[in-house]
Amino acid sequence: MIRIEGLDHRIGTAPILHDITTTLPQGRLTALIGPNGAGKSTLLRLVGRLEPIRRGRITVDGLDVAATPTDRLARQMAILGQQTAIASRLRVEQLVAFGRWPHHKGRAGPRDRAITARALAAFDLTPLAHRFLDELSGGQAQRAHIAMAFAQDTPWLLLDEPLNNLDMAHARALMTRLRDLVDAQGRSVAMVVHEVNYAAAWADHVIAMKQGRILAEGPPDRVLTEQVLSALYDTPVAVGRHLDRPLVLHHA
Ligand SMILES: Nc1ncnc2c1ncn2[C@@H]1O[C@H](COP(=O)(O)OP(=O)(O)OP(=O)(O)O)[C@@H](O)[C@H]1O
């Protein structure tokens, strides 16, 4: 599990996260939801050590994020940040192969090449493997970055808005794949998602954040209610049911 205790974060003098204490359960798919600026990405970045922790403590399966060597941490969790601009004169296959670096440290073997090929195929990227990143559409580039995180082959996968730019078929394919990682392989996923119906349909656990605090957390049935969502987003929300899960109506 990921344990977060007493986490405070400021950027400059601006307080961003206030005394966050929570647990992301192991072997589950956790969705982080909340309005723009709530602190979801900041929280994920602190867990993934893309930002230094100033106050509080985070452990991933018992490893202290602040103190664990990078290569050890990179074998425990892969993180896909929101800014995915990477040197564009890189080919798709090279980007995805980078995911194997924490395992082979520069000496890729047959297993690394097989996992890279599998990640390319899993995200419909095999025909694009030799394209440069700046020759891809937004959704194709997003899939290439997700495939790199998959190729890292870690117990934890942290994804910041992975559904960005994906059409409905690719979004659903990604969610199916994430569920399979959790259900069939016992991995753990934490993802920031804006469209709450993806959390409703696919998540086991939801953490709802607002203004740097956790407003509600628990299973979708408990968090994705009219009362919580209306307060979370300051907008009227209706919640129905579909396939025995919440269905959130907010677009009209
Ligand atoms: N580099 C920065 N300098 C100053 N403030 C920042 C910086 N990065 C983020 N913030 C602020 O921190 C707060 C939390 O931002 P964060 O990106 O974590 O929110 P979020 O919930 O992921 O939002 P979104 O849904 O819009 O992506 C926001 O108020 C944002 O303006």
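**Ligand shell, core and domains**

Me: How many nonpolar, polar and charged residues does the shell around the ligand have?
Reply: By class, the shell around the ligand has 4 nonpolar, 6 polar and 1 charged residues. Nonpolar covers Ala, Val, Leu, Ile, Met, Phe, Trp, Tyr, Cys and Pro, charged covers Asp, Glu, Lys and Arg, and the others, Gly among them, count as polar. Bear in mind that this is a predicted model, where local features need pLDDT of at least 70 and side-chain atom pairs count only at pLDDT 80 or more, while totals for chains, interfaces and linings use all residues. Numbering starts from 1 along each chain as its sequence is written.

Me: OK, which residues surround the ligand?
Reply: Ile11, Ala14, Ile16, Gly34, Asn36, Gly37, Ala38, Gly39, Lys40, Ser41 and Thr42. To be near a molecule or strand, a residue needs its C-beta atom, placed from the backbone, within 6 Å of it. Strand S2 (14–24) and helix H1 (40–47) are the elements giving two or more residues to that shell, and H1 gives the most, with 3 residues. Helices (H or I, at least four residues) and strands (E, at least two) are DSSP runs, numbered from the N terminus.

Me: Why is H1 described as largely enclosed by the rest of the structure?
Reply: Because 6 of its 8 residues are buried. They are Lys40, Thr42, Leu43, Leu44, Leu46 and Val47. Buried means 20 or more other C-beta atoms within 10 Å of the residue's own, exposed means 12 or fewer, and partly exposed is in between, with C-beta atoms placed from the backbone.

Me: What follows H1?
Reply: Arg49, with a positive phi near 55 degrees. Most residues other than glycine have a negative phi.

Me: Asp153 has a positive phi too. Where does Asp153 lie, in terms of H6 and S7?
Reply: Asp153 sits in the loop between H6 and S7, and its phi is near 55 degrees.

Me: And is Asp153 buried or exposed?
Reply: Buried, because it has 20 C-beta neighbours inside 10 Å.

Me: What about Leu243, buried or exposed?
Reply: Leu243 counts as exposed because it has 7 C-beta neighbours inside 10 Å. Leu243 is in the loop between strand S11 (238–242) and strand S12 (245–249), and has a positive phi of about 50 degrees.

Me: Changing topic: which residues touch the most other members of the largest nonpolar core?
Reply: Leu32, Val96, Ala147 and Ala199, out of 73 residues in that core. Helix H6 (residues 138–151) gives the most to it, with 8 residues. A nonpolar core here is a set of buried Ala, Val, Leu, Ile, Met, Phe, Trp, Tyr and Cys residues joined through C-beta atoms within 7 Å.

Me: How many residues does each domain put into the contact?
Reply: The centres of domain 1 and domain 2, taken over C-alpha atoms, are 24 Å apart. The contact takes 13 residues from domain 1 and 10 residues from domain 2, where two residues are in contact if their C-beta atoms, placed from the backbone, lie within 7 Å.

Me: Last one: how confident is the predictor?
Reply: The protein chain's mean pLDDT is 93, with 98% of its residues at 70 or more. That is the predictor's confidence in each residue, from 0 to 100. The complex gets an ipTM of 0.96 and a pTM of 0.93 from the predictor.

Note on methods. Domains from an automatic or database assignment.
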